[in-house]
Amino acid sequence: MGMASVNTASEGMQLCIFDLRRGQQEGQELDKILFFFPADLPFATQLSVIGLSEGLITFTRIFSPDAACEVIEAERHSHVFFEAESDIWMVMVVEKSKESKAACQVDALRKVLKEVHSLFVLFHGTMRSMLEKETSGGLIRSHLYPFITDYLSDFLIGKKLQLPSFHDCLMERGTVQMLTVGREAAIEVQDDTISLFTYAVLRLTPHALSSGATSWSYLQRTNAGSQVPALSTITNSGSVSDNIYRSRDTSLDQDNNCQVKRPLHHNRWFRGNDGFLASDIWGADNGSQTSVTPIVYLQLTEERMYLCAYQYKSLTIILLVPVSSILNGEQGLSLVKQQVLENVCVLSVPASLKMLRVEEKLSKGWGGENAYHVSGYRYLLVDDERVSRASPPAKVMTLAKDSLLAMSKLREEVNLEKKAKCSSSEVNCDKELEICVRAKNGAWVIARTSRGKELYMVLEKASETLLYASDAVEKFSNRYCSGVFSLD
Amino acid sequence: MSSSDSSSSSASDDPNPKLKPQPLESQFQSSLTLEDSDGVARTDDASVAEQQQEQQDEGSGNGSVDGVVNVEDNGHRDSSDREEGIGSGEARDGDGGSGGGGGVVWRRANSEVELEVEAPASPSSSGYAGGRGSSGASSASRADDASEEDEIEVVGNDDGGAVGAPDSQAEWTPGKRHVDEDDASISWRKRKKHFFILSNSGKPIYSRYGDEHKLAGFSATLQAIISFVENGGDRVKYVKAGMHQVVFLVKGPIYLVCISCTEEPFESLVAQLELVYGQMILILTKSLNRCFEKNPKFDMTPLLGGTDVVFSALIHSFSWNPAAFLHAYACLPLPYATRQAAGAILQDVADSGVLFALLMCKHRVGTSLKVISLVGAQKASLHPDDMLLLGNFIMSSESFRQVTSESFSPICLPRYNPMAFLHAYVHYFDADTYLILLTTRSDAFYHLKDCRIRIETVLLKSNVLSEVQRSTLDGGMRVEDLSVDLQQHTGSTSRVEDKPHTETPERIRESSLVGLGGPAGLWHFLYRSVYLDQYVSSEFSSPINTHRQQKRLYRAYQKLYVSMHSKGIGPHKTQFRRDENYVLLCWVTPDFELYAAFDPLADKALAIKTCNKVCQWVKDVENEIFLLGASPFSW
């Protein structure tokens with residue numbers, strides 16, 4: 001999975017990040033570009049994309065000062081806007097596919113932008129703070145290029161970028177998929193939880209979703225953090241993307257190039273000497289063999305935390321330890337880790353008894369890939385826009401294209417209704433809404449929102465009547481949503 | 001280029017096979033006007049008045065596109081009277097026009113609008129508002145509707161408060177308001193729905209609010225956005241920002257833009273832009289494209305001078321006339337025999353060389369114009385959108401609205417043939433009922449006048465006009481009457497068939513004022529017959545009483561329509577939608593579409609049953625509520 005392919009197969013998509021506080025003088029326009037993908041596009045083209053975006057941000061503020069441009073919909077392209085930080089904009093230009101011209105999932109694409117930004121902030125802090133640290137922009141550019149390129153490589157299928165489309169209308173990016181656990185065991189989901197969960201799914205369990213719990217290659221014990229022999233052949237992708245930003249910013253940061261950390265680099269986690277997951281992404285401690293523990297930033301407080309991950313079978317435990325509470329860096333941290341293992345786990349056995357029990361309990365309770373399949377239903381349940389549960393993707397794929405398109409369109413309508421409701425003066429943003437559509441192909445496409453919960457459902461084999469379809473929703477609601485969507 | 005040149009080129013360029021060969025004059029006329037103005041446009045500072053003068057001086061007949069020949073029955077019109085209505089004395093007794101005769105008055109809408117602009121505070125003194133004022137009831141009851149539409153988004157800041165307050169009391173008067181505003185005014189920026197027409201060189205042609213001339217810079221920005229995207233090999237459809245949508249429509253050299261925060265879906269707004277464009281074509285024909293080919297900087301504002309009122313009335317109708325999104329027209333409920341009688345005489349006339357004959361009626365307060373009867377010659381068919389635009393043009397132009405007077409005006413039906421002018425003879429029988437005769441011949445005035453006299457005689461003899469008045473007073477279908485039908489009569493009886501003053505319906509209507517709506521919480525319905533291109537709407541009743549509520553329901557229907565007819569995947573078959581305001585049920589079949597609104601707490605099963613009953617009811621009375629048979633609509 002080399003970066004080169006990302007670069008060459010990109011005619012369908014452009015992604016740029018620019019800072020409106022920079023490059024406002026004639027002749028200095030290039031300065032506002034913080035990131036552009038594909039990087040090999042001529043500057044004139046890059047500037048024209050950014051020029052249009054900037055123009056429309058200014059234009060729309062005439063009428064909508066509080067919410068500037070969100071999307072430009074043209075016949076062949078959608079331009080999706082996201083103001084990641086004040087005056088720092090991310091714009092994604094997506095070519096419309098022939099089959100889904102009508103239904104481009106703008107909201108899902110915006111969530112992609114939001115996700116990559118959250119992950120960036122998780123590992124590097126805000127873009128603005130980085131820009132303030134180093135005003136020439138070299139630092140942020142050298143960080144953004146590998147980070148986003150690594151992120152985008154996840155969307156590569158073959159040589160094509162496969163961005164969210166109507167096929168994905170029954171999943172929700174930017175939410176945590178919760179196991180059904182007791183209320184006391186469930187944690188409160190916050191923005192940081194979502195980022196960490198996303199990261200864990202993206203990079204800590206790369207094989208878990210596709211091939212079950214059998215192969216955990218990165219768990220292999222290795223001696224030195226800097227050597228990953230088993231995986232090095234696959235992960236030689238660095239050079240290409242290194243070239244991307246090198247070619248852009250040669251003058252600026254040739255020197256600190258090697259210090260740029262790539263938290264999204266694939267397959268760089270392995271089991272460290274202490275049993276915790278370790279990675280050489282952050283380099284290794286001088287004089288010691290232990291790799292440096294990654295530090296992440298909490299979104300709200302911007303507090304710096306050590307990220308410690310421990311895995312046992314299909315269980316991953318993430319510990320965040322405030323940097324400020326550890327006095328002497330890695331040394332202090334390893335003491336903490338040791339304490340954790342001693343208290344929670346007993347090192348004599350492969351893992352602790354407690355952890356063993358938790359793992360057993362969860363894997364017994366979790367039915368695997370199809371755990372959340374409910375026969376006859378294709379659904380997505382979103383709670384408070386943070387937690388979601390859905391039919392397994394393989395089951396959703398059995399739906400007819402027309403049903404998916406209809407659902408995709410319906411989700412767009414519901415999002416509009418939600419937005420209208422929230423923008424109106426009413427304090428309560430919750431929208432009570434029930435929409436049942438019988439599509440042309442006879443499928444029932446249903447959306448329900450109630451008390452912060454959203455339920456989307458496609459019933460292809462339901463009978464013709466609305467009452468039957470409503471009844472099916474009612475049953476589902478009573479069984480799986482504690483009756484939130486039931487009428488009585 | 002000489003006018004005869006342009007007339008021949010106009011004929012040969014005409015791609016539309018539907019129109020039978022026209023007499024040269026009519027071709028001549030359409031191109032001539034444009035040529036004239038083209039010439040005017042080249043002399044940069046030519047004012048509207050100068051242009052008019054120029055046209056007059058040329059003495060080339062019906063040179064004005066927007067001008068309407070108005071023929072008084074009595075043949076005389078006091079000249080001071082004329083001054084008031086027309087402005088700077090440009091009216092003249094026509095002796096060079098093709099329809100020329102002793103009593104022909106040339107009326108120019110633009111002068112009238114100038115009057116209105118100058119004296120907005122005393123509308124009764126202006127030609128337009130005075131005329132509107134006479135239909136006082138209608139204006140008054142539209143007030144809250146209008147004020148809401150016209151309202152600025154957020155009242156409360158110092159500027160907005162000042163502008164917003166008078167509006168909320170103001171009656172809806174046609175024509176442009178807030179001409180003092182431009183894009184720098186906060187109040188202008190906060191208007192809920194802007195419409196712009198501009199040329200591809202960025203010249204403003206029309207703006208719903210504010211002075212076009214002051215909006216030149218803004219217009220250039222719109223043009224820049226469109227052409228920037230176009231240069232990238234693409235075409236911009238819309239831009240979204242918060243609750244705002246900017247919708248673009250490119251029609252050759254004409255750009256149309258709507259900026260709205262009304263929550264209407266993109267599809268609705270673009271359909272409205274299509275209608276605005278259609279309205280412009282109705283006034284000018286599509287041959288105006290040629291002017292832009294010759295001169296990209298061509299300024300067409302003088303050509304549209306005074307038609308502000310037509311556009312603003314059309315835009316206003318987007319918030320209350322279901323015909324605008326249903327693409328169907330409504331009929332006045334009438335006994336079958338009455339409509340047959342009207343149809344027979346219209347058919348008679350159509351056989352004598354009239355292309356279309358329409359007997360129309362402005363039906364009650366706030367509701368759309370309704371058709372009494374219409375016929376087309378041979379295979380000619382009239383698109384519902386053309387009817388909407390034609391009706392709007394005639395009803396919004398005060399020049400037509402003189403009872404017992406006759407008008408003769410060139411118009412173009414964009415769906416019928418966007419390249420050529422037809423000629424419309426318009427006569428009001430009374431304040432609300434009027435006749436339109438359309439012909440391809442510009443010299444047919446006297447023939448059409450004769451036709452009108454024949455029609456009038458028959459209509460009077462067969463009591464059609466009095467039936468029309470009675471029906472106008474009675475109103476249409478009422479949801480309250482559905483329960484009567486279901487519980488007591490079961491079968492084919494209907495409100496429309498009832499004698500006007502039987503006691504039962506009266507009593508029941510009284511009681512239904514206390515209760516809410518019809519059975520099972522039914523509040524309102526719209527039924528569209530697909531084959532007939534017609535729709536019927538129930539009367540608004542409790543609790544949809546105020547115009548604000550009616551507009552909200554209208555918007556909800558519009559959204560539902562778009563959702564059902566979603567491009568690429570529609571039409572859906574059924575939709576049930578419940579929110580805090582309504583339960584909406586929609587049912588689309590190859591034969592009909594039903595849109596029904598219920599109490600939000602309505603029972604699903606009962607609502608479905610009620611919808612079935614509504615469909616049955618409509619079928620039972622379709623003889624009275626629809627124009628059936630001899631349908632010219634054979635697309």
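Which strands of chain B does helix α12 lie across? Let's start there. Helix α12, residues 266-284 of chain B, lies across β3 (193-199), β5, β6 (244-251) and β7 (254-260) of that chain. Against β6(B), the helix runs at about 40°. One caution before I go on: this is a predicted model.

Now chain A. Helix α3, residues 106-124 of chain A, lies across β1 (13-19), β3, β4 (77-85) and β5 (88-95) of chain A. Its angle to β4(A) is about 35°.

Next, the sheet. Ten strands form an open sheet with antiparallel pairing. Read it in order: β2(A), β1(A), β5(A), β4(A), β3(A), then β5(B), β6(B), β7(B), β3(B), β4(B). Which strands stand at the edges? They are β2 (33-37) of chain A and β4 (204-207) of chain B. Each has a single partner strand, so one side of each is left without a neighbour in the sheet. On average, neighbouring strands here are turned by 15° against each other, direction ignored. As a reminder, strands of a sheet pair through backbone hydrogen bonds, either parallel or antiparallel.

Where do the chains join in this sheet? Pick out Ala74(A): its bridge partner in β5(B) is Val236(B).

Stay with β5(B). Is this strand largely enclosed or open? Five of its six residues are buried, so β5(B) is largely enclosed by the rest of the structure. β5(B) also pairs with β6(B), antiparallel, over four bridges. Ala241(B) stands opposite His244(B) of β6(B). The hairpin of β5(B) and β6(B) has two residues between the strands. Gly242(B), in that hairpin, takes a positive phi near 55°.

Let me step back to chain B as a whole. Chain B has 25 helices and 18 strands. Of its 635 residues, 63% count as buried. Take the contacts in chain B between residues at least 6 apart in sequence: 68% of them join residues at least 24 apart.

One helix deserves a slide of its own. Helix α24 of chain B covers residues 604-620, 17 residues in total. From first C-alpha to last, α24(B) reaches 24 Å, close to the 24 Å expected at 1.5 Å a residue. Which of its residues are buried? Lys604(B), Ala607(B), Thr610(B), Cys611(B), Val614(B), Cys615(B), Trp617(B) and Val618(B). Why do they sit on the same side of α24(B)? Because they cover an arc of only 160° around the axis. The general rule: an α-helix has 3.6 residues a turn, so residues three or four places apart point the same way. At the N-terminal end, Asp603(B) caps α24(B). A side-chain oxygen of Asp603(B) lies 3.1 Å from the backbone nitrogen of Ala605(B).

Last, some backbone details. Phe37(A) and Pro38(A) are joined by a cis peptide bond, omega about -5°. Pro38(A) is in the loop between β2 and α2 (43-63) of chain A. In chain B, the peptide bond from Ser542(B) to Pro543(B) is cis, with omega near 5°. Pro543(B) is in the loop between β15 (534-537) and α23 (547-564) of chain B.

Then positive phi. Asp87(A) is not a glycine, yet its phi is positive, about 70°. Asp87(A) lies in the loop between β4 and β5 of chain A. Glu302(A), also not a glycine, has a positive phi of about 55°. Find Glu302(A) in the loop between β11 (295-297) and β12 (304-312) of chain A. Glu302(A) is partly exposed, with a relative accessible area of 44%.

Definitions and conventions
Residues numbered from 1 in each chain as written. Chains lettered and ligands numbered in written order. Predicted model: local features only at pLDDT ≥ 70, side-chain atom pairs only at ≥ 80, totals over all residues. Heavy atoms only, no water. Expected span 1.5 Å × (residues − 1). Buried < 20%, exposed > 50% of the residue type's maximum accessible area, 1.4 Å probe, protein only. Arc of directions from axis to C-beta. Polar contact = N/O pair within 3.5 Å; in protein donor to acceptor, adjacent residues only side chain to side chain. Pairing = 2+ DSSP bridges. Axes fitted to C-alpha atoms, helices over the stretch in contact; angles between N-to-C directions. Contact = heavy atoms within 4.5 Å.
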